[in-house]
Amino acid sequence: MKSVTAMAALLLWSVVSTAAEPAPEEDYEAVAGIWVRNDQDAKGSPLRIEQELTRDLSKVTVYDRQGRRVHQHQAKYRLQRMSDANLFVYYDLEVLEGPNKGKKSPAPQSFIYRIKEDRFIQVEGVLEGDKLSPRLMIWWKNKPAASPREG
């Protein structure tokens, strides 16, 4: 995992100094929907994380192993394009549920992303000025259950 993150940081090194431009509507259409990934809490217990992206709002919900909602936050976002990468910028983050309920963070935060088939690939901590450690996360598109055939 560290080698993947290091490689992503190396490949994006030349990109981070390039000015970003507003993304076209097709980029917003590509990210729209519900994306899911698995993670662990501080004690190693499994978590399911869902991110719902609409045209200008991201809502992230975290569920514990029993399916109980333990955290939820939302933020406004905008997409930008750089020469070889896409930039996801979120801002006006507000925690809606969980231990930090009511906490707000208006400052913009950014990460590199790419949509590849049914995956949303997110790379944090590689942009100039990032305070986060480099991290790669892969979200999977949540596909609605097929409706039973009538007839």
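Predicted model: local features only at pLDDT ≥ 70, side-chain atom pairs only at ≥ 80, totals over all residues.
**Entry 1: confidence**

I started with the pLDDT values. The chain averages 88, and 83% of its residues reach 70 or more. Residues 9-17 have pLDDT below 50. Beyond near neighbours in sequence, that stretch has 12 contacts in the model.

**Entry 2: Asp-27**

Next I went to Asp-27. I found it in helix α2, which covers residues 25-31. Is Asp-27 buried or exposed? I read a relative accessibility of 8%. Buried means under 20%, so Asp-27 counts as buried.

Which residues does Asp-27 touch, leaving out those up to four places away in sequence? I noted Leu-79, Arg-81, Asn-86 and Tyr-113. With Arg-81 there is also a polar contact between the side chains, at 2.6 Å.

**Entry 3: the Asp-27 and Arg-81 pair**

I checked this pair for charge pairing. Asp-27 and Arg-81 form a salt bridge, with their closest N and O atoms 2.6 Å apart. The pair links distant parts of the chain. Asp-27 sits in helix α2, while Arg-81 belongs to strand β5, residues 69-81. The two are 54 residues apart.

**Entry 4: other salt bridges**

How many salt bridges does the count come to? I got 9. I wrote up two more of them.

One joins the side chains of Glu-25 and Arg-55, at 3.1 Å from N to O. Glu-25 lies in helix α2, and Arg-55 lies in the loop between β3 (46-53) and β4 (57-63), so this pair ties together parts 30 residues apart in sequence. Glu-25 has a relative accessible area of 40% and is partly exposed. Arg-55 is partly exposed too, at 42% relative accessibility.

Another is formed by the side chains of Asp-92 and Lys-76, at 3.7 Å from N to O. Here the pair links strand β6 (residues 86-97), which holds Asp-92, to strand β5, which holds Lys-76. They are 16 residues apart. I have Asp-92 as partly exposed at 35% relative accessibility. Lys-76 is partly exposed, with a relative accessible area of 41%.

Which residues do they join into one network? I found Glu-26, Asp-27 and Arg-81.

Key: Residues numbered from 1 in each chain as written. Heavy atoms only, no water. Helix = DSSP H or I, 4+ residues; strand = E, 2+ residues; numbered from the N terminus. Buried < 20%, exposed > 50% of the residue type's maximum accessible area, 1.4 Å probe, protein only. Polar contact = N/O pair within 3.5 Å; in protein donor to acceptor, adjacent residues only side chain to side chain. Contact = heavy atoms within 4.5 Å. pLDDT = per-residue confidence, 0-100. Salt bridge = Lys/Arg side-chain N within 4 Å of Asp/Glu carboxyl O.
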